Structures are given as structure tokens and as C-alpha cells.
Amino acid sequence: MKNFLFCLFLALFCQSGWSDELSELTAKAEQGDAESQLNLGLKYRHSDEGVPQNDLKALSLIKLAAEQGHPRAQYALARIYIDGAGIPQDYKEAARWYKLSAEQGFDLSQVFLGLMYVKGQGVPKDYKEGLRWIRIAYESEPNNAFVESF
């Protein structure tokens with residue numbers, strides 16, 4: 001019985017801590033903090049820490065952060081357009097957001113933008129431009145295993 005009560009207390013205590021963190025994150029997101037908007041949006045996208053999955057809320061929050069010029073949010077928004085999460089798949093819009101992020105030096109966006117040029121998805125097929133973006137990513141992050149795999 002003592003073990004049960006201890007586990008119950010621990011679960012309630014931890015849940016309360018997460019709830020407080022979530023409330024703080026939500027408040028910051030509502031105040032326009034781009035990092036908080038992104039992080040809360042990602043929680044809605046991936047049903048993280050008790051936040052129910054909601055693709056439209058995720059899109060809305062991540063887009064707010066992306067429009068503020070947050071490169072990781074721009075990358076995340078591009079992924080939403082690639083995946084068609086809650087919206088129609090749109091390679092052209094994905095390429096636009098990857099480019100905005102890539103121009104700020106975000107290596108994953110540079111790689112995926114490069115691949116979009118190589119494949120001609122959302123942008124004209126252009127091997128030279130595609131390889132240029134992949135090379136930029138590699139030169140900026142040569143020890144990144146993901147980038148290195150290209």
C-alpha cells in the first residue's frame with residue numbers, strides 16, 4: 001500500500017510540474033515568444049508531454065514563430081508542408097520555408113532544400129543548385145552525421 005501511495009504521489013507531483021511548465025510555455029507563446037511558439041507547436045504536432053495531437057494548432061503556432069524569422073520554426077513548417085500534416089501537401093511552400101531557414105544557416109534546411117532542387121520538388125530541377133546547398137550544409141557542419149551521410 002505504501003508503494004502505491006508513493007507512486008501516486010510521484011505521478012501527481014510530476015504531472016503538476018509538467019502542467020506548470022506547459023502553462024508557462026503557453027503563456028510565453030501567447031506573448032509572441034517565437035521559441036515558445038515553436039516548442040508548443042511541436043508538442044501539438046507530436047503529442048508530447050500530455051499535449052493532445054492537433055495538427056492545426058501545431059501549424060498555427062509554428063507558422064507564427066516561422067514568420068518571426070525563427071530558422072528552426074521555418075524548418076519545422078517546411079516539414080509540415082512536406083508531410084501534409086493537417087493541410088494539403090505543398091512542395092512549393094515547403095521549398096520557400098526551407099530556403100528562408102537555409103539562408104540563415106540552418107543545416108537541415110540546407111540539405112532538404114538541396115534535395116528538393118535535385119528532385120525538382122517545389123522548385124525547378126537544378127542539380128548544380130541542389131549540390132551547392134548540400135555542400136554549404138556540409139561545410140558548415142562537417143561533423144553532423146546526418147549532413148555527412150550526403
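Modeller: Gladly. This is a predicted model. Start at Trp133: the charged end of Arg132 sits over its ring.

Colleague: What makes you say that the charged end of Arg132 sits over the ring of Trp133?

Modeller: The charged end of Arg132 is 4.8 Å from the ring centre of Trp133. The cut-off is within 6 Å, together with an angle within 35 degrees of the ring normal. Arg79 gives another case: Arg79 lies over the face of Phe112, at 5.1 Å from the ring centre.

Colleague: Now the ring pairs. How many aromatic pairs are there?

Modeller: The count comes to four aromatic pairs. Ring pairs link Tyr75, Tyr98, Phe106 and Phe112 into a cluster.

Colleague: Why is the pair of Tyr75 and Tyr98 called tilted?

Modeller: Two values matter. The ring centres of Tyr75 and Tyr98 are 6.0 Å apart, and their planes are at 40°. Rings pair if their centres lie within 6.5 Å; under 30 degrees is stacked and over 60 is edge-to-face, so the rest are tilted. The angle of 40° therefore makes this pair tilted. The pair also links distant parts of the chain: Tyr75 is in helix H4 and Tyr98 in helix H5, 23 residues apart.

Colleague: How do you know whether Tyr98 is buried or exposed?

Modeller: Buried means under 20% relative accessible area. Tyr98 has 0%, so Tyr98 is buried. Tyr75 has 17%, so Tyr75 is buried as well.

Colleague: What makes the pair of Tyr75 and Phe106 tilted?

Modeller: Their centres are 5.4 Å apart and their planes are at 50°, so this pair is tilted. Tyr75 lies in helix H4 and Phe106 in the loop between H5 and helix H6, so the pair ties together parts 31 residues apart in sequence. Phe106 counts as buried, at 19% relative accessibility.

Colleague: Why is Ser47 called partly exposed?

Modeller: Its relative accessible area is 41%. Ser47 lies in the loop between helix H2 and helix H3. Ser47 also has a positive phi of about 50°, although it is not a glycine.

Technical notes: Residues are numbered from 1 along each chain as its sequence is written. This is a predicted model: local features need pLDDT of at least 70, side-chain atom pairs count only at pLDDT 80 or more; totals for chains, interfaces and linings use all residues. Side-chain values use heavy atoms; hydrogens and water are left out. Helices (H or I, at least four residues) and strands (E, at least two) are DSSP runs, numbered from the N terminus. Buried means under 20% relative accessible area, exposed over 50%, partly exposed in between (1.4 Å probe, protein chains only).
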